[in-house]
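Dear colleague,

I am passing on the structure below, and after it you will find an account of what came out of going through it. Please read the account with the structure open beside you.

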Amino acid sequence: MTASETGLSSGVTTALGTAPSPGAVPAPAPSPASRALRLVVLGRQGSGKGTQAVRLAECYGVPHISTGDAFRSAVRSGSELGAKAKVFMETGELVPDDLTVGIVEEYLAGAGQHGFILDGFPRNVRQAEALARMLAPARLDVVVNLEVSTEEVLRRLAGRRVCTNCGANYNVVDNPPSVPGRCDVCGGAVAQRADDTEEAIRQRLEIYESATAPLVDWYKEEGLLATVDATGDPDLVTERVVAAIDAATGSL
Ligand code: ADP
Ligand code: ZN
């Protein structure tokens, strides 16, 4: 699939790029001598995966590649890919592997060739196998698994609001934008996601258990898994994740 077919032109790079999180301090550029991090973040809907992935991308100076953001951006752009993906996203189903693997391949050959934070991919064993093939002979450095209770993810998802322009995440209870309905980062409209209905959330959590959770054992067997407690203050979670990455990788 080419960039023109997918609609993944420069506009999408912004959606996939490292949108600054509110209050985050830009990280220094990585030294050219250091090898860039190749990381996957796993975690259920509402685990804070997107928020943490954006911060890690800043911290380690590598692009944030979110398949969910890429699909939402494709839907907004009205591309053929967007039209195909929309049907699945609205009901909380996975977008078919051939479409999903294609866009990741495109990003890993381009912006992600010197390291990346993958958020929302892989989501099943077939995608994980495809990722391993794309990277060979290199491999991932570490897979971070963000753990949160079901009770907590349901609470977070009910209050989740997202900037329709830059993707910044808010929560009406814990972390509302300073001006209601306006993004602190870019001033865009902050709204509930179309797939954050009760029914679509239930469906996504079920698919996570059946299709994505098996990846935890898969990566554990490969010796790549680092499990992190994702409850509590987002800054503390970031600290735990960075400590886990540094422990797993030594100094890259
Ligand atoms: P969430 O983690 O809350 O489900 P995402 O933003 O990661 O949200 O994904 C939104 C939707 O995009 C998913 O429900 C699915 O339809 C689609 N999607 C994202 N990543 C993938 C993937 N790796 N494989 C298949 N579908 C995906
Ligand atoms: Zn915004």
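**Helix α9 and what covers it**

In α9, the residues Ile201, Arg204 and Thr212 are buried, where buried is taken as 20 or more other C-beta atoms within 10 Å of a residue's own, exposed as 12 or fewer and partly exposed as anything in between, with C-beta atoms placed from the backbone. Helices (H or I, at least four residues) and strands (E, at least two) are DSSP runs, numbered from the N terminus. The 15 residues of α9 should span 21 Å at 1.5 Å a residue, and the end C-alpha atoms are 20 Å apart, which agrees; the expected span is 1.5 Å times one less than the number of residues.

A word on the source: this is a predicted model, in which local features need pLDDT of at least 70 and side-chain atom pairs count only at pLDDT 80 or more, while totals for chains, interfaces and linings use all residues. Residues are numbered from 1 along each chain as its sequence is written, and chains are lettered from A and ligands numbered from 1 in the order in which they are written.

Asp195 is placed in the loop between β7 and α9 (198-212), and it counts as buried because it has 20 C-beta neighbours inside 10 Å. Leaving aside residues up to four places away in sequence, Asp195 touches Met89, Glu90, Gly92 and Ala200. Thr91 is 104 residues from Asp195 in sequence, yet their C-alpha atoms are 6.9 Å apart in space.

Strand β7 belongs to an open sheet of 3 strands, in the order β6-β5-β7 and with antiparallel pairing, two strands being paired if DSSP finds at least two bridges between them. The edge strands, each pairing on one side only, are β6 (169-171) and β7 (190-191). Strand β5 (residues 160-163) is joined to β6 by 3 bridges, and Arg161 has Tyr170 as its bridge partner in β6.

**Nonpolar cores**

The largest nonpolar core has 47 residues, of which Leu39, Val41, Leu56, Ile117, Leu118 and Val144 touch the most other members; such a core is a set of buried Ala, Val, Leu, Ile, Met, Phe, Trp, Tyr and Cys residues joined through C-beta atoms within 7 Å. Helix α3 (residues 49-60) gives the largest share of this core, 6 residues. A second, separate core of 6 residues includes Val162, Ala168, Tyr170 and Val190.

**Cis peptides and the ligand**

Phe121 and Pro122 are joined by a cis peptide bond with omega about 0°, and Pro122 lies in the loop between β3 (116-119) and α7 (125-135). Another cis peptide bond joins Ala136 and Pro137, with omega about 5°, and Pro137 is found in the loop between α7 and β4 (142-147).

Ligand 1 is surrounded by 17 residues, the closest being Thr67, Gly68, Leu94, Val95 and Gly120, where a residue counts as near if its C-beta atom, placed from the backbone, lies within 6 Å. The elements giving two or more residues to this shell are α4 (67-77) and α5 (80-91), and α4 gives the most, with 3 residues.

With best regards

How values were computed: Contact = placed C-beta atoms within 7 Å.
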